[in-house]
Amino acid sequence: MSKDVHLSYAKRRYIFFACITLFVFILPFIRINDAQLFLLSFDKSRVDLFFTKFDMQELYLLPFLFITLFLSIFFLTTLAGRVWCGWSCPQTIFRTLFRDLLQTKILKIRKNIQNKQNEPQGQIFKRALAVGIWCVLALIIAANFMWFFVPPFEFLAYISEPSEHKILLAFWLSIATWLVYDVVILKENFCVYVCPYARVQSVMFDSDT
């Protein structure tokens with residue numbers, strides 16, 4: 001019975017991860033009044049916020065937005081614990097995609113996902129294939145991130161002429177490289193040693209969390 005409950009809980013998380021991923025991916029393509037939900041365009045000196053265009057001189061609005069976002073996450077942590085880390089954090093989603101989906105479900109490198117800290121041994125070809133697939137996904141994820149700074153169709157047009165947009169290309173490849181290093185090599189150590197949010201969580205927990 002407990003195993004069925006565990007699997008049901010895991011499936012709910014996977015479905016939630018899929019919904020978040022799909023939402024974030026299509027969000028830059030949604031435009032109302034020729035504006036995105038969020039766009040910080042240095043090229044056009046423009047900020048889109050909640051489908052409203054703002055001039056770059058109104059950039060002072062962004063700190064208030066980010067402060068509100070972080071305070072909301074902190075408030076949620078005091079109420080529900082590590083719900084952000086377990087259900088919405090990109091690091092969690094990326095590692096789940098690489099470890100649980102690619103390595104375990106598709107390529108069968110891992111026998112199960114119960115002991116996630118033990119790295120698989122042998123099967124060099126499959127492990128290399130998993131990394132190769134993740135490299136492709138990292139490029140897509142990095143592009144998705146860039147779409148909040150360069151509209152997606154303009155981004156695709158720019159990278160079709162790489163010699164004319166070397167800085168954009170460098171940013172894109174740098175982000176993708178970091179994603180590969182993070183997910184394949186750094187893994188959960190990112191949460192332990194790098195993530196600042198993980199460092200402050202303990203002070204936000206109490207007996208009612």
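Leaving aside its neighbours within four places in sequence, with which residues is Phe155 in contact? They are Ala143, Met146, Trp147, Val150, Leu168 and Trp172, where contact means heavy atoms within 4.5 Å.

This is a predicted model, in which local features need pLDDT of at least 70 and side-chain atom pairs count only at pLDDT 80 or more, while totals for chains, interfaces and linings use all residues. Residues are numbered from 1 along each chain as its sequence is written, and side-chain values use heavy atoms, with hydrogens and water left out.

**Overall architecture**

The protein comprises 9 helices and 3 strands, taken as DSSP runs numbered from the N terminus (helices H or I, at least four residues; strands E, at least two). Read from the N terminus, the order of elements is α-β-β-β-α-α-α-α-α-α-α-α. Of the 209 residues, 32% are buried (under 20% relative accessible area; exposed is over 50% and partly exposed in between, with a 1.4 Å probe and protein chains only). The protein exposes about 13300 Å², of which carbon and sulfur atoms supply 70%; the areas come from the Shrake-Rupley method with a 1.4 Å probe, and for residues only the protein chains shown count as cover. Among contacts between residues at least 6 apart in sequence, 54% join residues at least 24 apart.

**Annotated segments**

An unreviewed UniProt entry gives the annotation "transmembrane region" to residues 12-30, 60-85, 128-147 and 167-186. Its positions are given in the numbering used here, feature names are shortened, and annotations may be inferred rather than shown by experiment. Two of these segments are described below.

**The strands**

Strand S1 (residues 38-41) pairs with S2 in the antiparallel sense over 4 bridges; pairing requires that DSSP find at least two bridges between two strands. Ser41 has Arg46 of S2 as its bridge partner. The hairpin of S1 and S2 has 4 residues between the strands, and Ser45 in the turn has a positive phi of about 50 degrees. S2 is also joined by 4 bridges to strand S3 (residues 52-55), again antiparallel, with Val47 bridged to Phe54 in S3. In this second hairpin 2 residues lie between the strands, and Phe50 in the turn has a positive phi of about 55 degrees. Strand S2 (residues 46-49) is covered on both faces: Arg46 and Asp48 are buried on one side, Val47 and Leu49 on the other.

**Cores and aromatic pairs**

The largest nonpolar core has 20 residues, and those with the most contacts inside it are Phe98, Trp134, Ala138 and Phe155. Such a core is a set of buried Ala, Val, Leu, Ile, Met, Phe, Trp, Tyr and Cys residues joined through side-chain atoms within 4.5 Å. Helix H4 (90-106), H5 and helix H7 (166-186) each give two or more residues to this core. Apart from it lies another core of 8 residues, among them Phe38, Leu40, Leu49 and Phe148.

The whole structure holds 11 aromatic pairs (rings of Phe, Tyr and Trp, the last by its six-membered ring, with centres within 6.5 Å; planes under 30 degrees apart are stacked, over 60 edge-to-face and the rest tilted). The rings of Phe16 and Trp87 have centres 5.7 Å apart and planes at 75 degrees, so this pair is edge-to-face. Because Phe16 lies in helix H1 (residues 2-26) and Trp87 in helix H3 (residues 83-87), the pair ties together parts 71 residues apart in sequence. Phe16 is partly exposed, at 36% relative accessibility. Ring pairs also link Phe25, Phe29, Trp147 and Phe153 into a cluster.
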